[in-house]
Number of protein chains: 2
Amino acid sequence: MALIVQKYGGSSLADAERIQAVARRIAATQTRGDQVVAVCSAMGDATDDLLALARKIMPHPEGRELDVLLSTGEMVSCALVAMALNAVPCPAVSLTGQQAGIQAGGFFGKGLIAAIEPQRVLKELEAGRVVVVAGFQGVSEDMDVMTLGRGGSDVTAVALAAALKAERCEIYTDVAGIYTADPRVVPEARKLPELDYEEMLELAAYGAKMQPRSIELAELYNVPMLVASSFTDTPGTAIRREVSMEVRERVRGVVYDLNVAKITVQSVPDRPGVAATLFEPLAAAGVSVDTIVQNASIDRTTDLSFTVARTDVRRALEVVKPVAERIHARGVTSNDALGKVSIVGTGMQFAPGYAARMFRTLADAGVNIEMITTSEIRITCIVNEAQVHEAVRTLHRAFRLEASGASK
Amino acid sequence: MALIVQKYGGSSLADAERIQAVARRIAATQTRGDQVVAVCSAMGDATDDLLALARKIMPHPEGRELDVLLSTGEMVSCALVAMALNAVPCPAVSLTGQQAGIQAGGFFGKGLIAAIEPQRVLKELEAGRVVVVAGFQGVSEDMDVMTLGRGGSDVTAVALAAALKAERCEIYTDVAGIYTADPRVVPEARKLPELDYEEMLELAAYGAKMQPRSIELAELYNVPMLVASSFTDTPGTAIRREVSMEVRERVRGVVYDLNVAKITVQSVPDRPGVAATLFEPLAAAGVSVDTIVQNASIDRTTDLSFTVARTDVRRALEVVKPVAERIHARGVTSNDALGKVSIVGTGMQFAPGYAARMFRTLADAGVNIEMITTSEIRITCIVNEAQVHEAVRTLHRAFRLEASGASK
């Protein structure tokens, strides 16, 4: 008998029929002899509807009351899932974040889980019940409801799996798993049977819907995960520390992001402290900077480029232009019609040739590379937005990702 | 500086505009220098909508999960009211039943308040905040949400007023107060400026919307109440132990009920235990019996009549007919086209003549009386349904209730 934590997203719980389908899936797991803790998000658009209601009262509702309001969405879905389970019949009980012992710290609207005291969860499991836990919420030191921010229900599920020493944390969503590339762009994209946490981090951050924080947490506590569809019985993608040896050191997927803009500060004096002078005010203005590239110095000046989300360009330029003048840079240029294409795979840094093959593939396809960055398991090229989809398809073919057990 | 508990019903909170109007009303009370605890019901039809959602999952949802589900309705309205107050600006905080220390016992769906530990409420009041408390809910010994059944938000308000030793509990609703009769039936009906608890109990039970349990609780803890409209600034009706001497021993109002059916068991042997034999199985079948009249015995048999809600007639007859046969009664008849008309006023039992005047008035108007019952402060006649409205109008005129300071 194993303990499984399952997390169901809002689209899996959008109406009474889907809730009943989720209940049957949970009950089937219990019938196989496992204990189940089911973490639920709010139904369909419930959170957006509550947010819209709050904004009719005031444009920027304050955090504490907004958290009370939004937390009701998960209470509703959990109560309904527990009812549907009891109707199967499969004995079940719903618990709020507070009842499940999820203690949160930090700020309203973006709480962080500080600790889990799962006594009540364990008591209910011992009594033979499925425990349905409200995702996305905890209780603060002052005993107030605190929501956990973006991806909060995934974090609830992983944290509960860690605290309960569950065998696995299963994330059920409306996609069947993690693919070698976006199937809408690459029709021959293949679902990956398994990934390690690092690869999943890159794939999630660059296009998939899971937030990095839940994957990082799973890695930290070594919680094996499964990402699968709640609408089908196909196997999904397993995520764990050790993937089989034969699939290591391979390109696992191609990911992209269309929301990219580049800002270049030209002929910046190449002396200590210049980068800080530029990026400190950007951080203060709440602009999140992604890739930063500084070219080699020529005659004691250098071009410094960085990318930001397209929606942040205007704000970033307002901050950067006066700073550029003050440090006597030659000028500031920007391009907001860019995109990002990355190949992802563990061990690429120890196996030369991946980067060269990526650049050659893009060159052969007539795709110009604006910037390049790399991490341990990712090589990213910034290219023209109009060429992003073609670049993804070309790279998917070049690394033969459509074939199982592919590509060196 | 006084502490005032205000309760706002669902129709007063039906949309964002009404919530903002309620916030302005609360803020005005605070501006006058009073501390305010505001108990809120769920918005408009929110509770019915949640119930409909649950019934899509299962026809008879179990109590515990239904209580979790329904309790979210009050959390939503409270969070929105607190936001609207903060926007005024008037510092406010919303509290769930649990956070407000409302401890409930009994059964899910019909919890009873066992105790209130109002430390958090007091702390927030001392910090200068309006405290917005979710009505209709408490927390059980097992730390589960438990709703308080019909009229539960009124009970929350009265119980908090008692626990906090508030100066007054104000019930805001969509009517301007308690009237001498239903204004839809009697156009000249007059709003009563004050009532005592006993009178309010009769008036609430026979037509007004408040449940007797909150009024009984207010009387027990001697909490002065005010029933008023949240849509106007008219004064409402004050309810307290001591009304002014000059309005005592008067008829205060005429109330009616159209949902009445009479069942008569004919020629019942007049011996001990017969009534119990009849009414025990009715209670077991969940049929609530209202008025019971047993005529004087003639030749050792008697006719025994009682009234039930019209919707219970079929079930009551199914229970009564076999019992009547067993005790050798002559037969069972029923009439489900009846209504009830009552005059209400403290001290009527010590002042002869009210009953006679009521019967004479009805006789002059051609209204036949089917049954009569009296309490300390009420005289009730069961009459034909078709004549109920005319009976109410005639009695209102006969006791001159349209005139302020009326009628001996």
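Axes here are lines fitted to C-alpha atoms, for helices over the stretch in contact, and angles run from 0 to 180 degrees between N-to-C directions. The model is predicted: local features need pLDDT of at least 70, side-chain atom pairs count only at pLDDT 80 or more, and totals for chains, interfaces and linings use all residues. Residues are numbered from 1 along each chain as its sequence is written, and chains are lettered from A and ligands numbered from 1 in the order in which they are written.

**View 1. Helices α5 and α7 of chain A pack together.** Helix α5(A) spans residues 152-163 and helix α7(A) residues 212-220 (helices are DSSP runs of H or I, at least four residues, numbered from the N terminus). Their axes lie 8 Å apart, at an angle of about 10°. The two are therefore roughly parallel (angles under 35 degrees). A:D154, A:V155, A:V158 and A:A159 of α5(A) meet A:R213, A:S214, A:L217 and A:A218 of α7(A) (contact: C-beta atoms, placed from the backbone, within 7 Å). By class, this contact has five nonpolar residues, one polar and two charged (nonpolar: Ala, Val, Leu, Ile, Met, Phe, Trp, Tyr, Cys and Pro; charged: Asp, Glu, Lys and Arg; polar: the others, Gly among them).

**View 2. Chain A meets chain B.** On each side, 26 residues are in contact. On chain A, α1 (16-31), α2 (46-57) and α3 (63-87) each give two or more residues. α3(A) gives the most, with 13. The chain A side has 18 nonpolar, five polar and three charged residues.

**View 3. Surroundings of B:V132.** Among the residues that B:V132 touches are B:C40, B:C78, B:V81 and B:L95, not counting residues up to four places away in sequence.

Technical notes: Contact = placed C-beta atoms within 7 Å. Parallel < 35°, antiparallel > 145°, perpendicular 65-115°, else oblique.
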